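Please look over the chain below before reading on.

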Amino acid sequence: MKRGFWFACLLALVLLPLCAAKAEAADASERAESADIRIMSYNILHPDWSHISVKGRDVLVADIFLRYRPDVAAIQEAGAKWHKALKPLLVDTGFYAPACRQSNAEGFIYCTTTFLYNPQTVRLLEEEILDLEIRDATRVFSVAVFEKIKDGARFIVCNTHPAPSEDEPEKYTRNMADLTDLTVHVISQYAGLPVIIAGDFNTPEQSEQYLNYMRDAGVRDAKYAAETLVCGCSTYFGYQVSPDPDSNDSCIDHLFVNDGADVKLFNAIIGHDVQNASDHIPIYADIALK
């Protein structure tokens, strides 16, 4: 009995690191072979709203971008302190460049619903910030048109962050209606091009609003459209709360696509100290452009 117990313990010591290594390898998967681009969405937790300093978290967030190397990262809650902290880590080094950075809101230099893109793989052609709320640097619908450097293929990425449904229900309803109309407008304006809409929608996938948005805007959730789903767990857990790969209660960050985007892979990142980087976890999709 004792011998069997100690053998089981020894076997666990051997197998657990192997299982962890396997999970890590899956989590850090290379871009899907048939995909053209990788798009990420990440709410990085505004320090002025949460009173949680950027210091220390900036390195963790930058490491996630550098490890997964999205061609375009749609970022939410990127206040002035975030713009300044990520500049020496990602922008000055040439790994990334900003888009939709300048806020429309009076008194705010930076838009908090913004982009970083990889200038080695894509070229920024157009950028525009459309307001969901006047004089609000956060409640916007940011639109960026990109071109792949390799072959000139064009695609559009949008980024949004409507008001929270529980704290500001009237504003949330208004924001969701406006961003639905804006999504329809952008897809029509760039007819025939792939469109990806990223963001912290403050909208769980169990809600009626989630289904209404996809129906009315004519888009699909990349998570469920993907040929390969690596991890599709909740995206909001709270700061310094370890992500649970089996949870699906708080999927409020989404990547939606129109018919021009063929989703090859979707992943919610649960490794690499994400619980100490933000109260949300990043998600990304590998996409083939039609």
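What follows is a short report on a predicted model.

## Overall fold

The protein contains 7 helices and 13 strands. Its radius of gyration is 19 Å, close to the 19 Å that the globule rule gives for 290 residues, so the protein is as compact as a globular protein of that length. The C-alpha trace spans about 70 × 45 × 45 Å along its principal axes.

## Burial and surface

Of the 290 residues, 53% count as buried. The protein exposes about 13400 Å². Carbon and sulfur atoms supply 54% of that area.

## Charge

There are 26 positive and 41 negative side chains. The centres of these two sets lie 7 Å apart.

## The six-stranded sheet

Strands of a sheet pair through backbone hydrogen bonds, either parallel or antiparallel. Here, 6 strands form an open sheet with mixed pairing. Their order is S5-S6-S7-S8-S11-S9. Which strands stand at the edges? They are S5 (122–131) and S9 (220–221). Each has a single partner strand, so one side of each is left without a neighbour in the sheet.

Strand S6 covers residues 140–148, and strand S7 covers residues 154–160. The two pair in the antiparallel sense over 7 bridges. One point to find in the view is Ala-144, which stands opposite Val-157 in S7.

Definitions and conventions: Residues are numbered from 1 along each chain as its sequence is written. This is a predicted model: local features need pLDDT of at least 70, side-chain atom pairs count only at pLDDT 80 or more; totals for chains, interfaces and linings use all residues. Side-chain values use heavy atoms; hydrogens and water are left out. Helices (H or I, at least four residues) and strands (E, at least two) are DSSP runs, numbered from the N terminus. The radius of gyration is taken over C-alpha atoms; the globule rule is 2.2 Å times the number of residues to the power 0.38. Buried means under 20% relative accessible area, exposed over 50%, partly exposed in between (1.4 Å probe, protein chains only). Accessible areas come from the Shrake-Rupley method with a 1.4 Å probe; for residues, only the protein chains shown count as cover. Lys and Arg count as positive and Asp and Glu as negative; His and the chain ends are not counted. The place of a charge is taken as NZ of Lys, CZ of Arg, CG of Asp or CD of Glu. Two strands pair if DSSP finds at least two bridges between them.
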